Amino acid sequence: MTNFNAIGKDLGYEITYWNNTPFKIKEELGFDEVVIENKQLNKWTTVYTRARKRCELNVFDKKFNETVYNTYNFPQSYKGFKNSIKS
């Protein structure tokens, strides 16, 4: 929803979008796209995302001395085997 494509073209870049959504960029907007076929996440993505989020919240809490960051540390889910492993 910006003029990103026009700016890139004016600067001489060839713009191609990586599309991992059901929205058809080529058909709807006329921009070049590469449709990502394998839409499955790696099995470790959720684990790393949860760990990174918790680490960042703890670091920001200490760095800025603001307790508001820990209000976003929601309890982890241990319902089911997979969630227990991820947590």
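Predicted model: local features only at pLDDT ≥ 70, side-chain atom pairs only at ≥ 80, totals over all residues.
The secondary structure of the protein consists of four helices and two strands. Read from the N terminus, these elements follow the order α-β-α-β-α-α. The radius of gyration is 20 Å, well over the 12 Å that the globule rule gives for 87 residues, so the protein is more spread out than a compact globule. Along the principal axes, the C-alpha trace spans about 45 × 35 × 20 Å.

Of the 87 residues, 9% count as buried. Among contacts with a separation of 6 or more, 10% are accounted for by residues 24 or more positions apart. The accessible surface comes to about 7,900 Å², and carbon and sulfur atoms contribute 58% of that area.

Asparagine 19 lies in strand E1, which covers residues 17-19. With a relative accessible area of 2%, asparagine 19 is buried, because the cut-off for burial is under 20%. Leaving aside residues up to four places away in sequence, asparagine 19 touches Lys24, Ile25, Glu33, Val34, Val35 and Ile36. Asparagine 65, by contrast, is exposed, with a relative accessible area of 68%. Asparagine 65 sits in the loop between helix H3 (45-64) and helix H4 (81-86). The backbone at asparagine 65 has a positive phi of about 50°, although this residue is not a glycine.

Turning to charge, the protein carries 14 positive and 10 negative side chains. The centres of these two sets lie 15 Å apart. Side chains of opposite charge can pair when their charged atoms come close. Two salt bridges are present in the structure.

One of the salt bridges joins the side chains of lysine 26 and aspartate 32, with an N to O distance of 3.0 Å. Lysine 26 counts as partly exposed at 44% relative accessibility, and aspartate 32 likewise counts as partly exposed, at 32%. In another salt bridge, the side chains of arginine 52 and glutamate 56 meet at 3.3 Å, N to O. Arginine 52 and glutamate 56 both belong to helix H3, where they are four residues apart, about one turn of the helix. Glutamate 56 is partly exposed, with a relative accessible area of 36%.

Note on methods:
Residues numbered from 1 in each chain as written. Heavy atoms only, no water. Rg over C-alpha atoms; globule rule 2.2 N^0.38 Å. Buried < 20%, exposed > 50% of the residue type's maximum accessible area, 1.4 Å probe, protein only. Contact = heavy atoms within 4.5 Å. Areas by Shrake-Rupley, 256 points an atom, 1.4 Å probe, with all protein chains shown as cover. Lys, Arg positive; Asp, Glu negative; His and termini not counted. Charge placed at Lys NZ, Arg CZ, Asp CG, Glu CD. Salt bridge = Lys/Arg side-chain N within 4 Å of Asp/Glu carboxyl O.
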